[in-house]
Structures are given as structure tokens and as C-alpha cells.
Amino acid sequence: MASSGGTSSSSSSGGGSGEVDGAIAKYQAAQKQSSEESLKTATKVTEINGIYNAIKKISPA
């Protein structure tokens with residue numbers, strides 16, 4: 001996940017650079033939130049798999 005720390009508006013033209021910067025900031029915030037949710041989901045899946053494997057070891061099939 002390559003993410004830069006700042007926003008860049010060097011290629012924007014006219015008076016809309018504030019809107020561009022705002023859109024970039026919203027995108028970066030949504031990307032960060034998505035990454036956090038993905039990590040939480042992966043952690044929960046790993047936890048569930050660990051519990052499943054522990055139950056599998058102690059209960060006869």
C-alpha cells in the first residue's frame with residue numbers, strides 16, 4: 001500500500017485546486033479507513049481460524 005503523506009496539486013489549472021485538494025484528501029481518508037477495516041477483518045478471520053483449529057484438535061471427527 002504505497003501512500004504519500006501530502007497532497008499535490010501541481011497539475012491543476014484554474015481556481016479549482018481547493019476542490020482537487022479536498023477530493024484527494026477525501027480519497028486518502030477513505031483509503032486509510034478501508035485499509036484499517038481490511039486489517040481488522042483479516043485479524044478476526046485469523047482469530048476464528050485459530051479457534052476452529054483448536055476445536056478440531058480436541059474433538060474427535
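**A charged pair and its setting**

Tutor: Start with Glu 47, which forms a salt bridge with Lys 44; their closest N and O atoms are 3.8 Å apart. Keep in mind that this is a predicted model.

Student: What is the general idea behind such a pair?
Tutor: Side chains of opposite charge can pair when their charged atoms come close. Here the cut-off is 4 Å, and the Glu 47 to Lys 44 distance is 3.8 Å.

Student: How many salt bridges are there by this rule?
Tutor: The count is one.

Student: Why are Glu 47 and Lys 44 separated by about one helical turn?
Tutor: Because they sit three residues apart in helix α1, which covers residues 17–58.

Student: What share of the chain is buried?
Tutor: Buried residues make up 0% of the 61 residues.

Student: And how much accessible surface does the chain have?
Tutor: About 5300 Å², with 58% of that belonging to carbon and sulfur atoms.

Conventions: Residues numbered from 1 in each chain as written. Predicted model: local features only at pLDDT ≥ 70, side-chain atom pairs only at ≥ 80, totals over all residues. Heavy atoms only, no water. Buried < 20%, exposed > 50% of the residue type's maximum accessible area, 1.4 Å probe, protein only. Areas by Shrake-Rupley, 256 points an atom, 1.4 Å probe, with all protein chains shown as cover. Salt bridge = Lys/Arg side-chain N within 4 Å of Asp/Glu carboxyl O. Helix = DSSP H or I, 4+ residues; strand = E, 2+ residues; numbered from the N terminus.
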